[in-house]
Amino acid sequence: MSESRTLLGAVAVVGFPNAGKSTLINRLTSSRQTVVHETPGVTRDRNEVICEWGRDAFLLVDTGGVDAGDDSPMQAQVAAQARQAVDDADLVLLMIDARAGLAAGDEEIAQILRQSGKPVMVVANKVDDTAHEQGALELHALGLGDPIPVSALHGRGTGDMLDAIVAALRSQGAERLTDHSDEIRVAILGRPNVGKSSLLNAILGRPRVIVSDVPGTTRDSIDTRFERGDAQFRLIDTAGLRRKRKHRQGIEYYSEVRALQAADRADIALVLIDAADGLVEGDLAVADAARKAGCATLVVLSKWDITTVALDDVRERLEGKLRQRPAMITTSALTGRNVDKLLDAVQRLFETFVSRMGTGELNRAMAEITALREPPRSGRRRLNMLYATQYQTRPPRFRIVVNDRALVTRDYAYFVENQLRARLGLEGCPVIIDFKSRS
């Protein structure tokens, strides 16, 4: 569980494509939370990461590269996300490739930042040694103060930059209290182009992430905190997952790695299925990835406003394929259909995910399970399940003490799991059982 903490403020990192913004974010946070590749324009949405420096911490916001000369619809959305990051920030880092020198686009970005009225620091990146420092000095021409020379790739100069950031935030006193102790972490998973980003925007009621008909638009896993009544959610939009990942390379590979990592840190996985396509093998692979990550699962049939698929057909196939027996809900991001019902279902599933069963109730269920189907035997010895306890939540985990663990067959273990799930109301939750021999 995460804890309450106070952040000094929010720092947005903006600049031209391929200036090294995501590399800097990963360097400062000692992580690989943003996808980095030599291809310009990899980052599209804004991505928030906590950066710690000594005893201080602040929010770093990565943004997509802003190219004023690119008039494509995608670039317009990238620029809009970057502008929103600047509006929400307490400090802005304008990152420039010092080796490439000043470009027309850098001057245009600098002009936008002057008009914003936000405090700005110019970061001269790719200054790997003293031979490249002359390029940093040329950035004085922007009129935004002394450039800070750094090498995001090698870490050169980043300590001095962090000192300057902390000092600037402290001078503003723009502290932000964060309380994540009770948040429900929800990963939105699915194949490419099934409507994950559209669903997130529909839940929030605003364009938090970029939506496009082009598959693979989302590349990073984007976290967004959202409050609904007394409940706090962390919604995580992810890149599309494909069924076969062995031969993924470059941006696609790293995007899918981030999506799987998002599932690992989530409580609930919304497995989105394009209702217009019906249930396909790739959807089952996504659901299996959620199960392996230990998430409770809710199946969401998206784009229900344009489908001709029968709900019962999808439900029947899912029930035969998915061990967790998840609930199913239909939605339409376009019309807002069932968005509130979806969040209600997420809250109910989370309550189950973190629930703890009393020992008495659990052992009564075990007695009924034993009576329903005789335990396996080997020779003259028969499996005897002596008692059970729940010793973990999030996900529910049980210990069943038996006379001899070697007598537990794979088939009977699955039977016990399915029966416990049904009798204890754990549909949609992973149920982990440890069979332990009596000492």
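Which residues of α6 are buried? Keep that one in mind while we walk through this predicted model.

## The sheet

Let's start with the strands. There's an open sheet built from 6 strands, and reading across it you get the order β3-β4-β2-β5-β6-β7, with mixed pairing. At the edges sit β3 (47-53) and β7 (148-149), each of which pairs on one side only. As background, strands of a sheet pair through backbone hydrogen bonds, either parallel or antiparallel.

Now zoom in on one pair. Strand β4 covers residues 56-62, runs antiparallel to β3 and is joined to β3 by 7 bridges. For example, E52 has A57 in β4 as its bridge partner.

## Helices on the sheet

Helix α5 (residues 158-172) packs on this sheet, where it touches β2, β3, β4, β5, β6 (120-125) and β7. Compare its direction with that of β4 and you get an angle of about 100°.

Helix α1 (residues 21-29) lies across β2 (10-15), β3, β4 and β5 (91-97). Its angle to β4 is about 160°.

## The enclosed helix

Back to the opening question: the buried residues of α6 are K196, S197, L199, L200, N201, I203 and L204.

Following α6 comes G205, which has a positive phi, near 75°.

Definitions and conventions: Residues are numbered from 1 along each chain as its sequence is written. This is a predicted model: local features need pLDDT of at least 70, side-chain atom pairs count only at pLDDT 80 or more; totals for chains, interfaces and linings use all residues. Side-chain values use heavy atoms; hydrogens and water are left out. Two strands pair if DSSP finds at least two bridges between them. Helices (H or I, at least four residues) and strands (E, at least two) are DSSP runs, numbered from the N terminus. Contact means heavy atoms within 4.5 Å. Axes are lines fitted to C-alpha atoms, for helices over the stretch in contact, and angles run from 0 to 180 degrees between N-to-C directions. Buried means under 20% relative accessible area, exposed over 50%, partly exposed in between (1.4 Å probe, protein chains only).
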